[in-house]
Amino acid sequence: MTHFSKEHKEFRQRLREFLEKEVQPHISEWEDAGRIPIFIWKKMGDHGFLGLSYPKEYGGKALDYFYDVVFNEELGKMNSGGFVISQQVVQYMSGPYILNYGTEQLKDRYLPGIISGDVVSCIAITEPEAGSDIANIQTYAEVQGDHYIINGTKTFVTNGMQGSYAVVAVKTDLEAEAKGISLLVIDLGADGIHKTELKKLGWQSSDTATLTFENVKVPKENLIGEAGKGFQYLMNGLQLERLCVVPSAIATMEYALDESLRYMANRKTFGKNLNKVQILRHKIAQLTSEVEALKAFSYHCAKVYNEGIYDVKLIASAKLIATELHEKVATQCLQIFGGSGFMDDHPLARMYRDTRAGSLSAGSSEMMKDIIAKVVIDKKEYTSLTHTKAKHPSPFNEDHDLFRASVKDFLKREVIPNLDQWEKDGEVPRAIYEKFGAMGYFGLRFPEAYGGSDLDIWYEVVLHEELSRINSGGFAAAMGAHFFLAMVHVNGSGSEAQKQKYLTAGNEGKLIGCLAVTEPDTGSDVKSIRTSAVKDGDHYIINGAKTFITNGVNSDYIVAAVKTNPEAGYYGISMMLIERDRKGVSATKLNKLGWRASDTGEIGLDNVKVPVENLLGEENHGFFYIMQHFVSERLSIAAGSVSGAEYAIELTLDYMNQRAVFGKKIKEFQVLRHRIAQMSAEIECNKQFLYSIYDRHSKGEYLVKEASMAKLMCSQMLDRVTFECLQMFGGNGFMEDYPLARMWRDARLNQIGGGTSEILCEIISKMIVDEKNYASKTA
């Protein structure tokens, strides 16, 4: 999905050049000084970098929120949490309260200064005895004539020493709890304000203060909005505060990964460069995948916010994942540098210190989980004073929604009532294939000339998602192995005669196919397959064995990878259509941990005679056909993993609402609520990452790295989610016929099929560390 226009990119370039010239060379100096010189704000204002989304009447640019995303990403690349937060406090954490709720007098007095850079502002909410528990603040504003008299203490105030004014949360009614909170603009040069500078673990270039107010006199016109509505204003404003930290955190993580890659390329240990050490390569692959997923999610959140949609859960999820991943990346990248990373002046040491504040500020990680749990478990609705509850942007249109409803209805009628029996039988009856075909589900993406519907890719995504919500990985695999593995190869490289025969009948569900690549001694190492196809006149003679083949016992034909040139490695592999009833073809059914509703077999090929016209595509091009389709296969597994994880959460929530222990429902136990919140956040993050890749894939991009990342991330997530959900069912979850037991068993294969997680890390690391380019042979 394209979020940045030519103008966004030009703005990014101007800002980057400014920061590299005016900021980056001075970061260490400012870190040592413990503050950022005021003049840098003025320079930024002079260059038009401040007030990007503020109205023009106050000196702003009235630009869309993606300019703010660019702003925060480029700040993050400076690798100085102190510099980043000092800017964010002004632009996103204090100024917006005046803009959104202040009088015209307040706006005219304060907004032009923060946009021009002449004024530095701060926000003062936290108190020594009240952090995230804002309702219990004790700083009191007592009315005396046309003024308020302020007494109390605020702490952890960024820009508190150098700031010109503060937006301060005060109690105007001590008995009213949250409804007694108001917001005041207080000039920090006023009599009775005492500042104490705080020494911090990180963010050392920003000044942080405790502010003590002793009978400070503040004009009543400095009240922001209405008295008693400050808590509402803060709850609304915190969404922007939480959202703005995400892109800067991502940019800093990317900086850490880039620095680590540079170091690994030059550092030698035990006779080889660190970038050749597999465990470090896989670490980089894993971390980069997590950062890329978060980045796609953050852009989705930015789009939602930019369209004026208020979604507390979404933003809390992004903030939770971003700040905790920031710590993970900082820790693991510092580890790569060894002792050097532990030196105080090392860039990774600074990053390591700075990241610690992320999961504390703007609501701790624990508070984010509380918020998410209230929405997911308690169905709490948060309302906004300034944003709408419009429908979220979605890749699915009304036609996709109607199609989803038809799939749900079909599965509910024809499949779900029979699943337990099919699980026991170890196979899906042939009749269901024909019913599935009659609904048009096999031919969604195939040409109309062969009985398909030639629809867009999102219909396929819908089908994958709904198949994964019936809690039978075996049924989904049986259907998918036919149309998404076997038929895809026929459609992609088959002759006209092959398409007429296999696609037409396959779309109807009358001919069932399977794909046979894996062998007893070769899994992901495709180039080492040994099944041979020796040309003999107008036939090939095929010998070998294939294993772990879904539909391997009951299919009508096999799309098999064979060696037509044994000495040529990758370049000696071809794809062959082998009819099941040919002499020499045998199959043995395998018993599996999960996916029990699908038949899985080991296929024997003993002097099988196959006509040359059964060659699929060009001879010795098979490896590239397989690689071409791996992108789609991995995305389909990722889609099923996300939807399966969503379904596991739904089953668990139903159980938590019914099950009571120790006198209360288990949905009330905070430890379980936080687990649900964490999983819900991760599911949403990976879902939006996957959708962003599908969007690009639908436009013809060949996305080996991205599809591998999506499959890696989503299958790992499904493993975690099913494990954690099963745990919440206690002994019930361990029973063989319990839904979560089946789901947990089935989930294990998602990290194995389509390339194991380890193989995916190999592929990703080759593309990141070695900069290998996997080019499409057909695009």
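This is a predicted model: local features need pLDDT of at least 70, side-chain atom pairs count only at pLDDT 80 or more; totals for chains, interfaces and linings use all residues.
Colleague: Which ring has the charged end of Lys-380 over it?

Modeller: The ring of Tyr-382. The charged end is 4.9 Å from the centre of that ring. Arg-404 lies over the face of Phe-396, at 5.0 Å from the ring centre.

Colleague: On to aromatic pairs. How many are found in the whole structure?

Modeller: The search finds 32. Take Phe-11 and Tyr-67: their ring centres are 5.5 Å apart and the planes are at 70 degrees, so this pair is edge-to-face.

Colleague: Where do Phe-11 and Tyr-67 sit?

Modeller: Phe-11 is in helix α1 and Tyr-67 in helix α4, 56 residues apart. Phe-11 is buried, at 4% relative accessibility. Tyr-67 is buried too, at 10%.

Colleague: New topic. Which residues touch the most other members of the largest nonpolar core?

Modeller: Phe-83, Ile-150, Val-329, Phe-475 and Met-479, out of 239 residues. Helix α18 gives the largest share of this core, 18 residues.

Colleague: What does Met-479 touch, leaving out residues up to four places away in sequence?

Modeller: Its contacts are Val-428, Ile-432, Tyr-433, Phe-436, Phe-442 and Leu-467.

Colleague: And strand β5? Is it largely enclosed or open, and why?

Modeller: Largely enclosed by the rest of the structure, because six of its seven residues are buried.

Colleague: Which strands are joined to β5 by bridges?

Modeller: Seven bridges join β4 to β5, running antiparallel. Two bridges join β5 to β8, also antiparallel. Ala-166 has Ile-186 of β5 as its bridge partner, and Leu-184 has Leu-223 of β8.

Note on methods. Residues are numbered from 1 along each chain as its sequence is written. Side-chain values use heavy atoms; hydrogens and water are left out. A nonpolar core is a set of buried Ala, Val, Leu, Ile, Met, Phe, Trp, Tyr and Cys residues joined through side-chain atoms within 4.5 Å. Buried means under 20% relative accessible area, exposed over 50%, partly exposed in between (1.4 Å probe, protein chains only). Helices (H or I, at least four residues) and strands (E, at least two) are DSSP runs, numbered from the N terminus. Contact means heavy atoms within 4.5 Å. Two strands pair if DSSP finds at least two bridges between them. Rings of Phe, Tyr and Trp (its six-membered ring) pair if their centres lie within 6.5 Å; planes under 30 degrees apart count as stacked, over 60 as edge-to-face and the rest as tilted. A charge sits over a ring if NZ of Lys or CZ of Arg is within 6 Å of the ring centre and within 35 degrees of the ring normal.
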